[in-house]
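Me: I have not looked at this one before. Can we go through it piece by piece?
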Amino acid sequence: AWVGDVLFPVASITILEPGRRRLDALIAETNSLEGFVLVVEGHADEAGDSESNLALSLARAHKVRAYLVERGLPADRVIVKGFGSQMPRTDGRSEQARQQNRRVELWLRPAADQQ
């Protein structure tokens with residue numbers, strides 16, 4: 001199940017205040033759920049080449065994972081994936097649309113499905 005997302009500035013892995021608030025709430029919601037993992041999927045907009053976008057999407061996902069683990073979510077319950085610009089949320093023609101593509105999506109999945 002999709003449980004939220006965090007948006008990022010251009011070419012950045014900085015988690016802004018709205019993202020930190022969302023992640024803090026998510027920790028409280030999911031920390032006690034046994035048998036589930038949180039899948040952290042990084043994404044990038046279409047700017048730049050595919051190799052750079054993949055690296056940026058992974059760096060964003062790892063930054064979110066580190067934030068979650070530092071605040072108490074068990075490290076073995078957080079899985080990181082990066083997709084670069086392969087899975088855009090919007091067509092990316094406007095700055096607002098590109099902003100929606102610079103994100104980390106958070107998914108709650110049964111741990112058994114991730115093995």
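This is a predicted model: local features need pLDDT of at least 70, side-chain atom pairs count only at pLDDT 80 or more; totals for chains, interfaces and linings use all residues.

Me: Which residues in α1 are buried?
Reply: Gly19, Leu23, Leu26, Ile27 and Thr30. Seen down the axis of α1, these buried residues fall within an arc of 105 degrees, so they line one face of the helix.

Me: Why would residues spaced like that point the same way?
Reply: An α-helix has 3.6 residues a turn, so residues three or four places apart point the same way.

Me: And which exposed residues are on the face turned away from the buried side of α1?
Reply: Pro18, Arg21 and Ala28 are carried there.

Me: How many residues does α1 have, and how far does it reach?
Reply: α1 has 14 residues and reaches 20 Å from first C-alpha to last, close to the 20 Å expected.

Me: Strands now. How many bridges join β1 to β4?
Reply: Five, and the two strands run antiparallel. Within that pairing, Leu7 has Arg103 in β4 as its bridge partner.

Me: How many bridges join β2 to β4?
Reply: Seven, with those strands antiparallel as well. Gly42 stands opposite Val104 in β4.

Me: Where does Thr14 lie?
Reply: Thr14 is in the loop between β1 and α1.

Me: What is Thr14 in contact with, neighbours within four places in sequence aside?
Reply: Phe8 and Pro9.

Key:
Residues are numbered from 1 along each chain as its sequence is written. Side-chain values use heavy atoms; hydrogens and water are left out. Two strands pair if DSSP finds at least two bridges between them. Helices (H or I, at least four residues) and strands (E, at least two) are DSSP runs, numbered from the N terminus. Contact means heavy atoms within 4.5 Å. The expected span of a helix is 1.5 Å times one less than its number of residues. Buried means under 20% relative accessible area, exposed over 50%, partly exposed in between (1.4 Å probe, protein chains only). The arc is that of the directions from the helix axis to the C-beta atoms.
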